[in-house]
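Open your viewer and get ready to select residues.

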Amino acid sequence: MKKSLTLTVALLIYLPYLAADDNERVTPVRNEQYKEECGSCHFAYQPSLLPSRSWQRLMTQLEDHFGENAELEANTQKTLTDYLISRSANSSRDKLATKMMRRLAKNKIPLRITEMPYLKHEHDKIPDKMVTQNTEVKSLSYCDKCHTQAESGSYLEKDIRIPGYGQWEEKAEREESEKDDD
Amino acid sequence: MNKYLMICGMMLLPLAYSHSVLATAAVDELLAEYRSAGATEFSVEAGNTLWLQEFQDAQSGKMRQCATCHTDNLRNPGKHARTGKPIEPLATSVNPKSLTDIKKIRKWLKRNCKWTIGRECTPQEKGNVLTFIQTQ
């Protein structure tokens, strides 16, 4: 009896954290073809990080993929487009994807995940010295440089390690920047 | 001792042999294809020259060559020029998987010729480069 009570209490305390975890997690990539074709040049971004309309457009202009040639054979291109669309931000049930969609204007078709307003908002307090001026990071595009468990779909704060700076806690960093101001 | 080494060597021989055969199967098929498209004798030297040749990118103005990503030693791992993602060595002597998948060879030759030279490579150029890589 006592044991089950302890368990219930523990669960009640822990539950909000579990729910919060869910908010910063997306379904990981399990498609081997996608991993091979897209992941050999860059981090294999989870499809639920962009809406269908973005993937659709991106996949039709692979000859100029942000300045790189990423051409695919027609049938591979079709298979991967179908995969991305069926698991995109607006097709997925990932809570993080829902949140990202909510912040995105209906008439916008971002081609970069870093153009998603939710993502911009989530990263706006991180100083440049840790990202763009950090030679080991360079850009927010390289998710897995700091989100150590990004491949498994976790973007949780506890899994963040910024190269040269370590763990990231929004609160601690704010205090530090206030100190800098003094 | 010498005898022991010799036996070991003999045991390893089929392994080395099978690798090179695997590598050539895909390349042989492509070389035959290039020949029927008009290419003539393939040359390691010409492949090596093309490998090291620098081309200016029309958009960025930056110089590009195969070695930009693959380094000038094909036995070393390379690095994607933009994202920094590691690239496995192309030399079949250190990477037995290299040059074994015909689809992969086609895809990367197409993309990378366009990136490096600004156009697709001719069948002759592709054959030269593959012949060169095989010797590394």
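By class, the lining of the second largest pocket has 14 charged, four nonpolar and two polar residues. Keep in mind that this is a predicted model.

**Stop one: the pocket**

Select A:Glu73, B:Lys103, B:Lys104, B:Arg106 and B:Lys107. These residues lie nearest the centre of the second largest pocket. The lining has 20 residues in total. The volume of this pocket is about 420 Å³.

Which helix gives the most to the lining? Colour H4 of chain B: this helix supplies seven residues. Like helix H4 (102-116) of chain B, each of them supplies at least two lining residues.

**Stop two: two helices in chain A**

Select residues 52-59 of chain A, which form helix H3, and residues 74-86 of chain A, which form helix H4. Two packed helices are described by the angle between their axes and the distance between the axes.

For H3(A) and H4(A), the axes come within 9 Å and cross at roughly 165 degrees. H3(A) and H4(A) are therefore roughly antiparallel to each other. Their crossing is right-handed.

Show the side chains in the contact. H3(A) brings A:Ser52, A:Trp55, A:Gln56 and A:Met59. H4(A) brings A:Gln77, A:Leu80, A:Thr81, A:Leu84 and A:Ile85. By class, this contact has five nonpolar, four polar and no charged residues.

**Stop three: two helices in chain B**

Move to helix H2 (residues 44-52) and helix H5 (residues 123-134) of chain B. Their axes come within 7 Å and cross at roughly 100 degrees. H2(B) and H5(B) are therefore roughly perpendicular to each other.

Now select the contact residues. On H2(B), pick B:Val44, B:Ala46, B:Gly47, B:Asn48, B:Leu50 and B:Trp51. On H5(B), pick B:Glu125, B:Asn128, B:Val129, B:Thr131, B:Phe132 and B:Ile133. How many of the contact residues are charged? One is charged, with seven nonpolar and four polar.

Terms used:
Residues numbered from 1 in each chain as written. Chains lettered and ligands numbered in written order. Predicted model: local features only at pLDDT ≥ 70, side-chain atom pairs only at ≥ 80, totals over all residues. Heavy atoms only, no water. 1 Å grid on protein atoms, 1.4 Å probe; cavity = no way out; pocket = protein on both sides within 12 Å on 5 of 7 lines; lining within 4 Å. Points joined across faces, edges and corners; volume = space filled by probe spheres on them. Helix = DSSP H or I, 4+ residues; strand = E, 2+ residues; numbered from the N terminus. Nonpolar A, V, L, I, M, F, W, Y, C, P; charged D, E, K, R; others polar. Axes fitted to C-alpha atoms, helices over the stretch in contact; angles between N-to-C directions. Parallel < 35°, antiparallel > 145°, perpendicular 65-115°, else oblique. Left-handed = near helix turned anticlockwise from the far one by under 90°. Contact = heavy atoms within 4.5 Å.
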